[in-house]
Every structure is written in C-alpha cells, then in structure tokens.
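Thank you all for coming. Let me put the structure up on the screen, and then I will take you through the ligand site and the sheet.

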Amino acid sequence: MRPPRPPVADWLAYLGELGYEEIYRQPALAASAPGGGPPQPPAEASTPAPSEDSPAPVPVRSGPAAVIRDGVRAAELARLAERAAGCTACPLAAGRQLVVFGSGPVDAGLMVVGEGPGAEEDRRGLPFVGRAGELLTRILAAIGLSREEVYIANIVKCRPPGNREPEPSEVAACIGYLERQIELVRPALLVALGKTAAQTLLGASGSMAQLRGPWYDFRGVPLKVTYHPAALLRNPALKRPTWEDMQEVRDRLLRERPPEEKP
Ligand code: SF4
C-alpha cells in the first residue's frame, strides 16, 4: 500500500483514476475550501445509528504460524468454491454459465461485496470484470490498493437474469457461501457496494442515503456502505460521496492492518 497522500493530491488522483483528464475549479468551491483542501459535498440525508461505532480492532496476523493458518484457510476456501461450482440450491443455477465464487487472497485486509455477477462475470467466472469492475479497480487504486490485494465477492454467486436484483429466496439460499468466505478471510474491513449488499449484510431496510455514513459491525468486522460502481457509471454525481467513503476505508485500513515493514 502506498503511503497516504495530502487531501488535494488524493482527490486529484482519484479523479484521474476515474478517467477525468481535466478539472475546473469553480469560485464557489474555492471559497468553501480556504485551506486548499477538497471541496465539501452537499449534506446527505440522515443515516441510521450504527450498530457499533468503534468495533474491536482485528488483530494483525504475521509470522510463520499465520502462514500455516493461511494455508489451511486457503484450502478450505478452495473446497467451498468447488462446492459452489456445482450448486443448484436456487433457480439462478439454471441460467448461469459459470458460478462466480469470488477472488482475492485469503489474508486480504479488505473485502468488498457486491450484489451479483453481470454478463461478463458470468461468462468469465470472475467478479467485477465488466465496466463496473474496471471502475472498482480504479477506485481501489485511488486508495493505494491493487485489485489483487482485495478479496472481491458478491451476495449471490450466479447471475440473476437480465441483471435484476436477486430475490430474497435466492439471497437466502446463497448467503451461507459469503458468510463462510468472510469467516475464512477474516478481513480487517468490509465494504458493502450498493443497496442489496448493504441491506443483506446489515439485515436492514432503507435507501443508500439512509444506510451510508456510519461504520457498522458485521460479526466483529467493521463494515462501510458505499455506492456500487455500476451506480457511479449511471450517475457520476455519486463519485464524490463514494470517494469520501473510500478515504475513510483507506484511513481505517491503515490503522487496522498497517502495511508490513520491508526488511
Ligand atoms: S446463486 Fe448461490 S445458491 Fe443459487 S445456485 Fe448459485 S451458488 Fe447456489
């Protein structure tokens, strides 16, 4: 992970990662940022109270014993993926080409969770490899993470037809895979991308405007809700709040799972 950058440099780098080649500094925005920091976004709608604002820190794993445990957990993850590959527990099995189990290292500090595979993911068997996935890769790069450092998964492992939201019964049939993935990876932080992921992991209803904001707790793992990259492609105005969320994620990840010192 790269060291933190100053806020303005962060914001410009983020815009660059998202594909902006030019920006214009408006007088009103300049006035709102007298210290040269990034312009502040408009106030969001109120959010519900977090279930726990300061969850217990996740211990940093290191050393040979951790490597052995990682090997056991990786093998268990591989067995789970094999089981999912043959799963027919819900009607989504009938329309899929490939099960999209998830990808990433078993010792990932960050796990991001989306809704379900799209057409490209279904064809390739990998999560977040379409246009939204490319944007996710750029967002992660903007906070100093390569895609390969992050565990990426979805609520359901098979593509809902026409990219519709998964039915509650389909989520209920599939969620055990994700719960076990989270247990095995034991990330320092979770990010729920979009409403379906947020509502499922939090067991809550509500809009994204209501769910965004606080840190939550998912079985001992701090969880942040932000917008799904597909929503950013439809509505570029969501890039700024997503950036604010991901800055919080980056800062907390640096605290919870600091980069290992190079010898
Ligand atoms: S979506 Fe999940 S529960 Fe349904 S068939 Fe695919 S792997 Fe099984």
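This is a predicted model: local features need pLDDT of at least 70, side-chain atom pairs count only at pLDDT 80 or more; totals for chains, interfaces and linings use all residues.

Which residues are around the ligand? Counting a residue when one of its heavy atoms lies within 4 Å, they are Cys-87, Ala-89, Cys-90, Leu-92, Ala-93, Arg-96, Lys-157, Cys-158, Ala-173, Cys-174 and Tyr-177. Residues are numbered from 1 along each chain as its sequence is written, and side-chain values use heavy atoms, with hydrogens and water left out.

The shell around the ligand divides into 9 nonpolar residues, no polar ones and 2 charged, where Ala, Val, Leu, Ile, Met, Phe, Trp, Tyr, Cys and Pro count as nonpolar, Asp, Glu, Lys and Arg as charged, and the others, Gly among them, as polar.

Turning to the sheet, we have an open one of 5 strands with mixed pairing, in the order β2-β1-β3-β5-β4; strands are DSSP runs of E of at least two residues, helices runs of H or I of at least four, both numbered from the N terminus, and two strands pair if DSSP finds at least two bridges between them. At the edges stand β2 (151-154) and β4 (216-218), each with a single partner strand, so one side of each is left without a neighbour in the sheet.

Strand β1 (residues 110-114) pairs with β2 in the parallel sense over 4 bridges, and Met-111 has Tyr-151 in β2 as its bridge partner.
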